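Subject: Structure for you to look at

Hello,

Here is the structure I promised to pass on. Please open it next to this email and follow along.

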Amino acid sequence: RRRVKPPARAQKEAVRMFRESLKMSWQNIVHNKMRSFLTILGIVIGVAAIIALITTVQSVITEVNSQFDDLGANTLMVQAQGTALKMGLTDKDFEDLQAVEGIAGASPTVSAHLDIAQNGVVKENVSIQGKNELYFARNPDAVKAGRGLNILDVENKNRVCLISETLENDLFDSESAVGHTLRLGGIAYTIVGVTASSTDMTSMLMGTGDGIIVPYKNAMSLAGVSHIMAVEMYMEDGADTDAVIDDVEAVLGQAFNYKADSFAVTNMESLLDMMHDMQNMMQTMLAGIASIALLVGGIGIMNMMLVSVTERTTEIGLRKALGAQPKRIQMQFLTEAIFLSLFGGIIGIVVGLLISLLVALAIDVGFAISLSAIALGVGFSVLVGVVFGLAPARKASRLNPIDALRSV
């Protein structure tokens with residue numbers, strides 16, 4: 001009859017066997033320093049590539065998302081290029097858009113490029129943007145110093161403007177620009193505020209940046225146009241987005257006689273959802289590419305372990321002849337493979353995070369540690385150790401003691 005060991009004794013023996021396997025694995029790794037280093041290097045490169053790519057992409061994605069979030073929720077962007085017979089939106093069209101049910105307000109954008117002058121200093125082809133008071137009400141952080149435009153500035157076509165921080169530095173050195181005047185196309189405008197200079201996604205979509213903002217009706221006069229090409233529309237909280245878009249498109253269709261490609265309405269939330277889908281696809285693709293390096297590292301581990309089995313054939317034969325069980329020998333070699341891959345994975349995580357930090361500093365984006373990337377790196381490294389260490393471990397455990405001892 002087979003003697004069954006008590007559970008407590010079997011558990012103690014399993015722990016002791018694992019400790020011995022771990023100790024012997026470490027001794028073998030230390031004994032073959034160069035070979036172990038080269039094997040670990042493959043895992044380090046693979047894990048570091050995964051961590052660096054995913055973390056860097058995640059940092060860039062977070063930065064882009066924060067810029068899009070600055071546009072605010074419930075926002076529609078209208079581009080009205082018009083037709084050959086009618087360019088852009090008239091004041092009446094703009095009023096009709098604001099009257100759509102579910103719309104809380106709208107801010108037009110009128111663009112122009114003019115030469116400006118201040119105390120004899122002339123700057124050519126400066127971007128002029130026409131806005132209304134609602135733009136500054138919805139974007140209070142846009143003003144760095146002074147004030148934004150108010151409703152009286154817009155209705156009375158007051159000759160006031162806000163200039164970017166970059167222009168303030170260029171024209172006034174260290175002095176504040178607020179209260180000074182400059183000439184736009186030969187007309188004197190009083191500077192009432194300074195906007196924060198920016199070249200981010202928000203500025204590009206909203207038509208702002210390193211330039212000058214004036215009341216939109218003034219911008220129309222300066223540009224010599226009588227139409228509005230772009231409008232930012234703000235929906236009321238809880239409004240039915242699809243219904244509002246349909247009503248806005250109906251107004252625009254009527255304004256342009258239902259001509260195709262005469263206007264475009266973009267829902268910022270839909271744009272964000274599409275961006276998130278693309279970002280997830282990009283992360284998955286990058287992780288797959290980086291995993292190829294881990295695959296190469298795994299093959300390196302298998303190669304090393306197979307060589308180790310060949311070199312230690314005599315040792316394995318002696319141990320089996322003295323009564324060592326196959327599962328114990330298999331555990332030793334499998335533990336060694338997992339140890340190598342896990343050690344390489346930890347080093348790879350540190351290296352990958354350092355690379356991500358340097359890249360984030362170089363491209364000026366926020367750095368954030370991605371726990372999912374670290375978990376993926378550790379999981380991959382352990383999986384590589386198990387998968388590529390199993391075959392050599394099984395080969396070692398199945399050696400015939402008689403065949404193994406023939407070389408003694």
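Which residues form a negative surface patch? The patch consists of Glu 101, Glu 236, Asp 237, Asp 240, Asp 242, Asp 246, Asp 247 and Glu 249.

Before you go on, note that this is a predicted model, where local features need pLDDT of at least 70, side-chain atom pairs count only at pLDDT 80 or more, and totals for chains, interfaces and linings use all residues. Residues are numbered from 1 along each chain as its sequence is written, and side-chain values use heavy atoms, with hydrogens and water left out.

Now some terms for the patch. Patches are made of residues with over 30% relative accessible area and no salt bridge; like charges are joined within 9 Å, and nonpolar side chains (Val, Leu, Ile, Met, Phe, Trp, Tyr) within 5 Å. Asp and Glu count as negative, Lys and Arg as positive; His and the chain ends are not counted. A charge is placed at NZ of Lys, CZ of Arg, CG of Asp or CD of Glu. Accessible areas come from the Shrake-Rupley method with a 1.4 Å probe, and for residues only the protein chains shown count as cover.

One of the patch residues is Asp 242. Asp 242 sits in helix 9 (residues 241-255). Helices (H or I, at least four residues) and strands (E, at least two) are DSSP runs, numbered from the N terminus. Asp 242 has a relative accessible area of 56%, so it is exposed. Buried means under 20% relative accessible area, exposed over 50%, and partly exposed in between (1.4 Å probe, protein chains only).

Next, the loop between helix 9 and strand 10 (264-267) holds Asn 257. Tyr 258 is in that loop too. Asn 257 is not a glycine, yet its phi is positive, about 60 degrees. Tyr 258 is not a glycine either, and its positive phi is about 55 degrees. Asn 257 is exposed at 55% relative accessible area. Tyr 258 is exposed at 61%.

Then the salt bridges. A salt bridge is a side-chain nitrogen of Lys or Arg within 4 Å of a carboxyl oxygen of Asp or Glu. How many does a search of the whole structure find? It finds five salt bridges.

- Lys 86 and Asp 93 meet at 2.7 Å, N to O. Asp 93 is buried, with a relative accessible area of 9%. Lys 86 is partly exposed at 22%.
- Lys 123 pairs with Asp 170, with the closest N and O atoms 3.8 Å apart. This pair links distant parts of the chain: Lys 123 in strand 3 (residues 121-131) and Asp 170 in helix 6, 47 residues apart.
- Lys 144 pairs with Glu 165, with the closest N and O atoms 2.5 Å apart. Lys 144 is in strand 4 (residues 143-146) and Glu 165 in helix 6, 21 residues apart.

Stay with helix 6 (residues 165-172), where you will find Glu 168. Glu 168 is buried yet has no salt bridge. Its nearest side chain of opposite charge is Lys 144, 5.3 Å away. What does the side chain of Glu 168 reach? It reaches the backbone nitrogen of Ala 177 at 3.0 Å.

Last, helix 8 (residues 216-223). Tyr 216, Asn 218, Ala 219, Met 220 and Leu 222 are buried there. Gly 224 follows helix 8, with a positive phi near 70 degrees.

Best wishes

Conventions: Polar contact = N/O pair within 3.5 Å; in protein donor to acceptor, adjacent residues only side chain to side chain.
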